[in-house]
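Open the model in your viewer and keep the sequence panel beside it. The stops below can be selected in order.

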Amino acid sequence: MIYQIRLIFLTLGLAIFYMGYFPVKPLGEDVEPPDPPPPWQRRVGQLVIVLVDALRTDFVFKMDGKQNAQLPKINYLTDLLISGEGGFGAVMRASPPTVTLPRIKAMLTGSVPAYLDVINNINSDTLQQDSLLNQWNQAGLKMLMFGDETWSRISPVRFLREDPTSSFFVADYTEVDENVTRHLDEELVRDDWDVMILHYLGLDHIGHLEGPYSSLVPKK
């Protein structure tokens, strides 16, 4: 009898553990209906989302400690935050897993990613949950994407223009960023898009190769 009770509790514990770490989310049930479309209009110009992979808090904020003083700072952002003119700084702590796919899904859907996404990070499927991409598309907004190819793999909508870059050539920390920036001169003078996503990978690759105190970081 005691053995059976232990077995029941063990099975229950494993079930709770499995549901917590590998949740199965219903597909499509949380998607807002397309009719009527949300009454969004461009009111503040075009939106540019710049995502710098592996950008640490102490690369921007000045913090106490000798190690922090040794880290390079992005002076433009630091000065913007200090002046208070058009800048706002916030520190967001990411829950594991912190690989690319789960973090992008969390930003787009507002949901907690699953550990199973670590495996899917290599070969991810189209995002089925409701997301910012879905909502922007339903609102008739045109989107561009330059950078990490994960966006192209999971996007449920077609980008107006895109140039995905593979994130698995970790030794490359130059071309992956130049492939993003080279589009800016042309795109910033165009008026046929509403949202542009720029996902830079170079800093993350340097971190994998040599760490945050690398001599390659200040230039980057």
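Buried means under 20% relative accessible area, exposed means over 50%, and partly exposed lies in between (1.4 Å probe, protein chains only). Helices (H or I, at least four residues) and strands (E, at least two) are DSSP runs, numbered from the N terminus.

Before moving on, note that this is a predicted model: local features need pLDDT of at least 70, side-chain atom pairs count only at pLDDT 80 or more, and totals for chains, interfaces and linings use all residues. Residues are numbered from 1 along each chain as its sequence is written, and side-chain values use heavy atoms, with hydrogens and water left out.

**The sheet**

Phe 146 stands opposite Leu 198 in β4.

Now select β1 (47-52). Six bridges join β1 to β4, again in parallel, and Leu 47 stands opposite Val 195 in β4. With β1 included, four strands form an open sheet in the order β1-β4-β2-β3, with parallel pairing. β1 and β3 stand at the edges with a single partner strand each, so one side of each is left without a neighbour in the sheet. On average, neighbouring strands of this sheet are turned by 10° against each other, direction ignored; the axes are lines fitted to C-alpha atoms, for helices over the stretch in contact, and angles run from 0 to 180 degrees between N-to-C directions.

**Helix α10**

Select residues 202-210, helix α10. Its buried residues are Gly 202, Leu 203, Asp 204, His 205 and Ile 206. Their cover includes β1, α8 (175-181) and β4, where contact means heavy atoms within 4.5 Å. After α10 comes Gly 211, whose phi is positive, near 90°.

**Charged side chains**

Show side chains and go to Arg 56. Its side chain meets that of Asp 58 in a salt bridge (2.8 Å, N to O); the term requires a side-chain nitrogen of Lys or Arg within 4 Å of a carboxyl oxygen of Asp or Glu. Arg 56 is partly exposed at 33% relative accessible area, whereas Asp 58 is buried at 14%. The charged end of Arg 56 also sits over the ring of Phe 59, 5.7 Å from its centre. That label needs NZ of Lys or CZ of Arg within 6 Å of the ring centre and within 35 degrees of the ring normal.

Move to Glu 149, which forms a salt bridge with Arg 153, the closest N and O atoms being 3.3 Å apart. Glu 149 is partly exposed at 22% relative accessibility, and Arg 153 is partly exposed at 21%.

Finish at Arg 190 and Glu 186, a salt bridge with its closest N and O atoms 2.7 Å apart. Salt bridges that share partners join Arg 161, Glu 186, Glu 187, Arg 190 and Asp 192 into one network. Over the whole structure, the search finds seven salt bridges.

Technical notes: Two strands pair if DSSP finds at least two bridges between them.
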